[in-house]
Amino acid sequence: MTEPIRFLLVDDTVDNLVALGALLRRDGLELLVARSGAEALELLLLHDVSLALLDVQMPQMDGFELAELMRGARRTRQVPIIFLTAGDREPARVFAGYESGAVDFLFKPIDPRILKSKVDVFFELACQRRELSAALKINERFVGILGHDLRNPLGAVLAGAELLRGQLADEGQLLTLRRMTSAGRRMSEMIEQLLDLTRARLVGGLYLTRTQLDVAELVQRAVDELRATNPHRELVTAVEGDCATWGDPARLLQLFSNLVGNALQHGTRGTPITLGITGRDREIVIRIRNGGSIPAELVPSIFEPFRGRTAKQASGPGLGLGLFISREIAAAHDGDLGAVSSATTGTEFTVRLPRRRDAHDRSTGELRVP
Ligand SMILES: Nc1ncnc2c1ncn2[C@@H]1O[C@H](COP(=O)(O)OP(=O)(O)OP(=O)(O)O)[C@@H](O)[C@H]1O
Ligand SMILES: [Mg+2]
C-alpha cells in the first residue's frame, strides 16, 4: 500500500483545526494536527510532510518562529508553508525564510474556496512528485538489470575476439579485430559505470574491500596504463611523503584512472598534465592539473550523473558518469573530490583521502590538515 501524502495543520484553537480538517479531508491525504509549535516539531521529526498550514498568532512559539525553525532543518527546509494570519490586526513581520521554499499567506476570516484551491495545487504537486520519484527508481533499477545482463554476452564477444587474434594472419583483418576489441572494452566500461550508478543510488553507496595500499603506487599505475594508449602526451608525477593507507585498491585505481583519463580526454593537447601526490600526517592529497577549462555553466553540475557535459560532448563517447562515480569512491573512503577551473590557470581536480592506520580506523575521517 502506498503511503498517504501528509499535510501539517498547526493552530492553537481546536475549533479552527476541526474546521480546517473538515475542509481539507480527502482520499490519499493524512492531516497531521498540532496545537503548538512544539507539537508540530515533534510530528515533523516523525513524518515527511508536503505542506504546512501555520497559524501565525500562537502563544509561546508563533507561526513565523516555527517556520524559521523548519527552514533551519535540512529535512523540513523545502516544505511549502501557508501562513494563516489575521493580517492588518498584526504588526507586520518579516519572515526570514522566503528564499528557501514556497510561502503563501491567507488572511482571516479565511475564504474556504480560496484555501481549498490553494491546497489542491499542493496536493496535486505532491502526487506528481511522488510519481516522478517512483518512475525514476524504476528507471534506475531497469538500467541496473540491463547493465548486468549485458555483461555476459559482451564477455563472450570479447573472448571470441581474443581467440580469433591468434588465428588471423592478415594485417587488415587484425586491425578490424583490434577496433572491435577496443569498442567492446569501451562498452564494457560503460556497463560497469551504469552498474556503479545503480549501486550508488539504489543500494546506498559503493561497497569497499579494504587492504593496506600505497596511494602513490596506484596513481602511478593509472598513469602508466593510460600512457600506453596516449604515448604522445606528457604526464609528470611528483610524490612527497608517505602515501600508505587502507582502502579499496581496485576502486581507487578506478578513481585515479577516471581523473587522469579526463585530463587526457578533456584537457588541452600540447600542455603537460601534472600530478602531485602528498602524504601528510592525517591525509593524502592528490592533485591532477591540466590545461583548458571547464565552461563556467557546466561547473556546478560536473559531478552529477549524465550531466556536466556540453551539447557537443553529449553525443561523444562518454556517458558523463566518470566524475559522479569518482566522487562516490572518494566519499566511500571518507574523503572528497573537488575541482577548480579557470581559463588562465587551467583545471585542477583534488582528491583528499584521510589516512587510515588499519581497516577499521574511522577516527581520521573528519580531520583536515590545513
Ligand atoms: N580534467 C578536465 N578538464 C576539463 N574538463 C573536464 C575535466 N574533467 C571533466 N571535465 C568536464 O566534466 C565533464 C564530466 O566529466 P565525466 O568524467 O563525469 O564525464 P565524461 O568524461 O564526459 O564521460 P565518462 O562517463 O566517460 O567519464 C566532461 O564531459 C568535461 O566537460
Ligand atoms: Mg570522464
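Helices here are DSSP runs of H or I with at least four residues, strands are E runs of at least two, and both are numbered from the N terminus.

A note on what I am reading: this is a predicted model, where local features need pLDDT of at least 70, side-chain atom pairs count only at pLDDT 80 or more, and totals for chains, interfaces and linings use all residues. Residues are numbered from 1 along each chain as its sequence is written, and chains are lettered from A and ligands numbered from 1 in the order in which they are written.

Next I looked at α9 itself, residues 322-332. I found 9 of its 11 residues buried (20 or more other C-beta atoms within 10 Å of the residue's own, with C-beta atoms placed from the backbone). Among them are L323, F324 and I325. I then checked what these buried residues pack against: α5 (171-202), α7 (249-266), β11 (336-342) and β12 (346-354). Contact here means C-beta atoms, placed from the backbone, within 7 Å.

Then I turned to the open sheet. I read its 5 strands in the order β2-β1-β3-β4-β5, with parallel pairing; strands pair if DSSP finds at least two bridges between them. At the edges I found β2 (29-34) and β5 (103-107), each pairing on one side only. I followed β1 (residues 5-10) along β2 and found 6 bridges in the parallel sense.

Terms used: Buried ≥ 20, exposed ≤ 12 C-beta atoms within 10 Å, placed from the backbone. Contact = placed C-beta atoms within 7 Å.
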